[in-house]
Structure formats: C-alpha cells, structure tokens
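Please have a look at the model below before reading on. My notes follow it, point by point.

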Amino acid sequence: MNQNNESGAQVGEREIVITRVLDAPRDLVFDAWTKEEYLSKWWGPQGFTLTLQKFEMKPGGTWQFIMHGPDGVDYPNTNVFVEVVKPERIVIKHDVFPHFLATAIFADLDGKTRLTYSTVFEETAAIFEKVKVYAVPGAEQTMDRLEELLASIS
C-alpha cells in the first residue's frame, strides 16, 4: 500500500473518499480507468476477478460487469458513465444496490498523479453504516490493485 501521507480514506456521513498519490503519469492512470484491457485486471477488491459484459466509455454509456468473489459468489454490477473528461475526471452512477455516484479526479503532480475517488451513497444513513463496513476496505484494496497494475505497465 502507498505510504505517502497524502494517501488514505476518509469516511463521511454517506461518503467515502479515497486519495492516493500514484507513481505514474496522469495519462497512464486515466488509461487504466478507461481501457478494458487494464480495467479488467484491477477493478475490485483483492482476490476478485472481473468479467466485462458491456463497456461504453462515454457520457450515458453503460458499464456492466460481474465481479467474481474469491468465495465463488458473483456480484453483477451496472454503472452509467455520467461524465468523462480526459484526463481529468470520470463520474459514474452505480445503478444497483448500493446506489452511489462515484467521481474519480486525476491531478497531475509533476509526473505522478493524485487520484481522488469519492463515492456518495444514495441509501439511508442506517444502510450506509452497514455498507461502509465492506465498501471502505474494498475501495482501498481496489486502489492497491490499481497501484500494482500501474507499477507493472509504467
């Protein structure tokens, strides 16, 4: 895991924000989020694999996939891309439970990239209390996997 003191997770009332400083240029980090061959290798917590079903990287486009858990359970996901601004920002609406709006912001730091990934949940505060128990470590592990992929391709 990245030990940079600008990295970490913050949890709000219905929001999770993960910040990472990645040792890779912004264009490459953006590509890792927008190209199927990269995204399918890192998206999801440790031990999960991904089967992409539909991937339309454009505003209004659909991103459907199944996350396969290490315990053999499949987790179907449907997302809609709300905004794609290369290489600065991606906004995704997660259209299945738990419902949330996710925003990834990519900031150039002289050859490195500060990634800020926030998820704002639509569910009630009571449901969010239950969801964050797995959503926070899952998001952290997903960003760990992104860092591992970037180290292997940069």
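The points below go from the whole chain down to single residues.

1. Basis. This is a predicted model, in which local features need pLDDT of at least 70 and side-chain atom pairs count only at pLDDT 80 or more, while totals for chains, interfaces and linings use all residues. Residues are numbered from 1 along each chain as its sequence is written, and side-chain values use heavy atoms, with hydrogens and water left out.

2. Fold elements. The chain has three helices and eight strands. Their order along the sequence is β-β-α-α-β-β-β-β-β-β-α. Helices (H or I, at least four residues) and strands (E, at least two) are DSSP runs, numbered from the N terminus.

3. Overall dimensions. The radius of gyration is 15 Å, which agrees with the value near 15 Å for a compact globule of 154 residues. That radius is taken over C-alpha atoms, and the globule rule is 2.2 Å times the number of residues to the power 0.38. Along the principal axes, the C-alpha atoms fill a box of roughly 40 × 35 × 30 Å.

4. Burial and surface. Of the 154 residues, 45% count as buried. Buried means under 20% relative accessible area, exposed over 50%, and partly exposed in between (1.4 Å probe, protein chains only). The accessible surface of the chain is about 7,800 Å², and carbon and sulfur atoms hold 51% of it. Areas come from the Shrake-Rupley method with a 1.4 Å probe; for residues, only the protein chains shown count as cover.

5. Contacts and charges. Take contacts between residues at least 6 apart in sequence: 46% of them join residues at least 24 apart. Contact means heavy atoms within 4.5 Å. The chain carries 15 positive and 23 negative charges, and their mean positions are 2 Å apart. Lys and Arg count as positive, Asp and Glu as negative; His and the chain ends are not counted. Each charge is placed at NZ of Lys, CZ of Arg, CG of Asp or CD of Glu.

6. Strands E4 (residues 62–68) and E5 (residues 74–85) run antiparallel and are joined by seven bridges. Two strands pair if DSSP finds at least two bridges between them. His-68 stands opposite Asp-74. Five residues separate the two strands of this hairpin, and Gly-72 in the turn has a positive phi of about 90°.

7. Phe-81 has Ile-92 in E6 as its bridge partner. Pro-87 is in the loop between E5 and E6. The bond from Lys-86 to Pro-87 is a cis peptide, with omega about -10°.

8. Pro-98 lies in the loop between E6 and E7 (100–109). The loop between E7 and E8 contains Asp-110. Asp-110 is not a glycine, yet has a positive phi of about 50°. Asp-110 is exposed, because its relative accessible area is 82%.

9. Helix H1. H1 (residues 26–34) is largely enclosed by the rest of the structure, because seven of its nine residues are buried. They are Leu-28, Val-29, Phe-30, Asp-31, Ala-32, Trp-33 and Thr-34.

10. Tyr-117. This residue is in strand E8. Tyr-117 counts as buried, because its relative accessibility is 8%. Leaving out residues up to four places away in sequence, Tyr-117 touches a set that includes Ile-16, Trp-33, Trp-43, Phe-100 and Met-143. Leu-149 is 32 residues away in sequence and 17 Å away in space, C-alpha to C-alpha.

11. Ser-118. Strand E8 (residues 112–121) holds Ser-118 as well. Ser-118 is buried at 14% relative accessible area. Leaving aside neighbours within four places in sequence, its contacts are Glu-15, Ile-16, Val-17, Leu-101, Ala-102 and Thr-103.

12. Lys-130. This residue is in helix H3 (residues 125–153). Is Lys-130 buried or exposed? Lys-130 counts as exposed, because its relative accessibility is 64%. Met-143 is 13 residues apart from Lys-130 along the chain, and their C-alpha atoms are separated by 21 Å.
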